[in-house]
Amino acid sequence: MRYLTSLKNKLPDLSLWIKTVWLAVLFCISSVFLFYNAFRFSLPIAYAGMYTLMAEQIADGGFSLPMQVPYYGPGGIPFAYPPLALYVMAVFLKLSVSAIAYQNNFLFFLTPKKGSGFV
């Protein structure tokens, strides 16, 4: 019996390895669901797509404000939004930054942080 106890103490602990493999498997499975829409659509879905479309219209129109936004409602909706953030995004779109990359990375720096006086 003493031999089995000493042999058990000499074997490597597999629980860390099993946890690491389990974590890697979960990450691979969840990344499919996480990035599915990012690879499927060129624009963000839902309401962020409307603002991205507005910024693309500004960038494609030589940075002039469009009269209406197509695809939303019958015949489009009038362009009646504050344009500063849309101009900032249009500049990044002209610099060949994709809309998804802009919204995932650059918006973090533009949003007010807690304790900054704006929140």
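Helices (H or I, at least four residues) and strands (E, at least two) are DSSP runs, numbered from the N terminus. The model is predicted: local features need pLDDT of at least 70, side-chain atom pairs count only at pLDDT 80 or more, and totals for chains, interfaces and linings use all residues. Residues are numbered from 1 along each chain as its sequence is written, and side-chain values use heavy atoms, with hydrogens and water left out.

**Exercise 1.** Determine where Val21 lies and which nonpolar surface patch includes this residue.

*Solution.* Step 1: Val21 belongs to helix 2 (residues 15-40). Step 2: its relative accessibility is 35%, so Val21 is partly exposed; buried means under 20% relative accessible area, exposed over 50%, and partly exposed in between (1.4 Å probe, protein chains only). Patches are made of residues with over 30% relative accessible area and no salt bridge, nonpolar side chains (Val, Leu, Ile, Met, Phe, Trp, Tyr) being joined within 5 Å and like charges within 9 Å. A salt bridge is a side-chain nitrogen of Lys or Arg within 4 Å of a carboxyl oxygen of Asp or Glu, and accessible areas come from the Shrake-Rupley method with a 1.4 Å probe, only the protein chains shown counting as cover for residues.

**Exercise 2.** Identify the largest nonpolar core and the elements that give two or more residues to this core.

*Solution.* Step 1: a nonpolar core is a set of buried Ala, Val, Leu, Ile, Met, Phe, Trp, Tyr and Cys residues joined through side-chain atoms within 4.5 Å. Step 2: the largest has nine residues, namely Met50, Leu53, Met54, Ile58, Ala59, Val69, Phe79, Leu86 and Ala90. Step 3: helix 3 (47-60) and helix 4 (84-94) each give two or more of them, and the largest share, five residues, comes from helix 3. Step 4: a second, separate core has five residues, including Ala55, Met89, Leu93 and Tyr102.

**Exercise 3.** Classify the aromatic pair of Tyr51 and Tyr81.

*Solution.* Step 1: rings of Phe, Tyr and Trp (its six-membered ring) pair if their centres lie within 6.5 Å; planes under 30 degrees apart count as stacked, over 60 as edge-to-face and the rest as tilted. Step 2: the whole structure holds three aromatic pairs. Step 3: the ring centres of Tyr51 and Tyr81 are 5.8 Å apart with planes at 90 degrees, so this pair is edge-to-face.
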